[in-house]
Structures are given as structure tokens and as C-alpha cells.
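Okay, thanks for having me, everyone. Have a look at the screen.

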Amino acid sequence: MNRRAFLLGATSGLSAVALRAAESKAPPVAAPRSQLKLALSTYSYWHFRGEKMPVEQIMEKASALGVNGIDLLHRQMAIDELGRLDAATHVYCRNLKRHALHCGVDLVCLSILQDFVSPNPAERHQWMAFTEKCIEIAYALGIPCIRISSGRWKTIPDFAALMKARGVEPVLPGYIEDDGFKWCIECIQRCTDLAEERGVVLALENHWGLSGTPEGQLRIIDAINSPWLGALMDTGNFMENPYDKLTKIAAKTVFVQAKTYDGGGEFYTLDLDYARIAKILRDAGYTGYVSLEMEGKEDAETAVPKGLAAIRAGFAA
């Protein structure tokens, strides 16, 4: 062995001995809790009535509140909701990306609504085309996730009446529930194919209609069985026994929208235990974003900071 090789070997051996000695003296390190990745839904500042606050302004507010990401409600964007994805829309998307960078926030979810529960193939095709357009918008914005919905039978057309019925409505006369699932699965499967091409994950919400129960939501997700489709957990959309139901979907969850109701809910109010919800998500191994959806009647300027504080406290417990 030459002198250089001997010295390298000796040095390596000494380093290993020193490292083992240091490790033996180091205190045991507790397994860290998952760091909360907090997002803010633009819906928190606009509940489908009154003047829309520009989403650029909400990005600035999110940055000032120390929020990591923006959950962008499609209907709040300054574009024609059902219009074409034209050159002007692309320019708008580029400007949003630039503004998000300036604010130091990530665009993490595009929240959209559609309805695949219809016996009319033309209507289902229209909603598929809308969803595919939104996938392209997410791709243009660099957003990795889209919130989607299954749709419902619409036999209770008034939303207030639907809430009074606790979100449960009868099947359309002449059809059975399996028909609705068949239409929905076929449509979402096609949209999932494009989502995979664009690298965008679809997150099916536990919303009213077919996905309004854990069993219905998971039936659709499991039937398609794609890594590009998962569950969106809305903490406020299971009105009864929410924790048992949230537990059932936690393993498939890819995005979380966390409701708060300061000032009383716009539609109803739930008293949610975010420490308990955080444990459900931790136990399921969830490490993704949690997006505040403030749905209370209190002014967002005061209610949003309260909501963020409640979620932070719950996940820190």
C-alpha cells in the first residue's frame, strides 16, 4: 500500500470512529410532525354574491398572512367561466403566474364545479369539455390539482331546500342510482386521461350528489383507479358523523379544504375539531395542502385570520 492510500484509509477510519462517537452522544430525535402546508381559498372572500374581490388582491392578502398557497376558485377569475380558452385567457393566466411569484405564493389548486349526472349525452359532453378546458387552464398556470365534483340528480333544484334535506335528494324518475354512477365514471375517466397527459391531479370532492357520501365518492375513485384521481376532503360537507366519514376517505385524499364559519355559516354551521381532523390526516399519512374555505357571514378581513389561526392551532396540537 502506498503512503497516499494509507493516509486516506486512516483518515476515513478515524472519521467513521468520530462519527459513531458523535452519534452515540447525540440526544434521541423525536419523529417530527408533518409540517402544515397552508393554503387560502379565494372563495373565502366571495360567496357567490356581491362584487368579486380580484384574485390578485387575495394573493397579496395571503402573502401578508403567511399563507403558502392559493386555492383558486375558477368562477372568481376575470374570464368568461364557460367561454373558450383563447389567447386573452392565456395572457391572463401568464399575468396571474407572475403576480403569484411576486407575492411569494404558490398556485396549488383550481376549484371548479361540473355536473355529470344527466341522462342527456350532450349535457354530459358539455361538462366534459368544460373540465378539459379547466385542465388546460391549470396546466397553463402550473397548478398541480383541480377540484372536481360528480354532480347530482337535481330533483331538488333549490339549494336552500337541498340543504334542508341535508343534501339528500331522490333519483330522477325512470332511472336508478347506478345510471348516475355509470355516467359519472365514464366522464371522469375521460377527463382523467387528459389530466395525466398534462400532469394535473383531479381531486373529487365530497360534495352534494353522488360523491356526497364516502361510499359514493370512493366508488367513483376506485372504479377509475388512477394515480391522477384522488379524493378532495372538504371538512364541512359531511353534516352528520363527520369524523367517521372523513376517516373513510383520508387514505385517498390528495387535497383538503377546511371550512370555518365565523359569524354563522352562509348555509349551515358546523363545530369542527381541527385537532381531531389533523390526527385523522396524520394517521392516513397525508402531507399535502390544507386550504381554508371561510364560509361564515363575518367580514373576511377579520374572519380569515381567525380561520387560519384555528387551523394552525389544530394542526399544532
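**Pockets and helix packing**

Let's start with the second largest pocket, where helix 7 gives the largest share of the lining, 4 residues. Before I go on, keep in mind that this is a predicted model.

So how much space lies in that second largest pocket? About 420 Å³. It has 23 lining residues, and the closest to its centre are Gly167, Val168, Gly209, Gly212 and Thr213. If you ask which elements give two or more residues to this lining, they are helix 6 and helix 7, and helix 7 covers 214-224. By class, you get 9 nonpolar, 7 polar and 7 charged residues around the second largest pocket.

Now the largest pocket. Its volume is about 730 Å³. There are 28 residues lining the largest pocket, and Phe48, Leu113, Phe159, His207 and Trp208 are the closest to its centre. What sort of residues make up that lining? They split into 11 nonpolar, 6 polar and 11 charged.

Okay, on to the helices. Helix 7 turned up at the second largest pocket as a source of lining residues, so let's stay with helix 7 for a moment. Its partner here is helix 8, residues 242-250: the two axes come within 10 Å and cross at roughly 10°. An angle under 35 degrees counts as roughly parallel, which means that helix 7 is roughly parallel to helix 8. Who touches whom? From helix 7 we have Pro214, Glu215, Gln217 and Leu218, and they meet Lys245, Lys248 and Ile249 in helix 8. Sort that contact by class and there are 3 nonpolar, 1 polar and 3 charged residues.

Helix 6, the other contributor to that pocket, has a partner too. Helix 6 runs over residues 177-198 and helix 4 over residues 121-141; their axes come within 10 Å, with a crossing of roughly 20°. That angle makes helix 4 roughly parallel to helix 6. The handedness of this crossing is right-handed. On the helix 4 side, the contact residues are Arg124, His125, Met128, Thr131, Glu132, Ile135, Glu136 and Tyr139, and on the helix 6 side they are Trp183, Cys187, Arg190, Cys191, Leu194, Ala195 and Arg198. Those contact residues divide into 8 nonpolar, 2 polar and 5 charged.

One last pair, further along the chain. Helix 9, residues 274-283, packs on helix 10, residues 300-316, at an angle of about 55°, and the axes are 7 Å apart. So are these two parallel or oblique? With that angle, helix 9 and helix 10 are oblique to each other. Their crossing is right-handed. Tyr274, Ala275, Ala278, Leu281 and Arg282 of helix 9 make the contact with Ala310, Gly314 and Phe315 of helix 10. By class, the contact comes out as 6 nonpolar, 1 polar and 1 charged.

That's my tour, so let's go back to the picture and discuss.

Notes:
Residues numbered from 1 in each chain as written. Predicted model: local features only at pLDDT ≥ 70, side-chain atom pairs only at ≥ 80, totals over all residues. Heavy atoms only, no water. Axes fitted to C-alpha atoms, helices over the stretch in contact; angles between N-to-C directions. Parallel < 35°, antiparallel > 145°, perpendicular 65-115°, else oblique. Left-handed = near helix turned anticlockwise from the far one by under 90°. Contact = heavy atoms within 4.5 Å. Nonpolar A, V, L, I, M, F, W, Y, C, P; charged D, E, K, R; others polar. 1 Å grid on protein atoms, 1.4 Å probe; cavity = no way out; pocket = protein on both sides within 12 Å on 5 of 7 lines; lining within 4 Å. Points joined across faces, edges and corners; volume = space filled by probe spheres on them.
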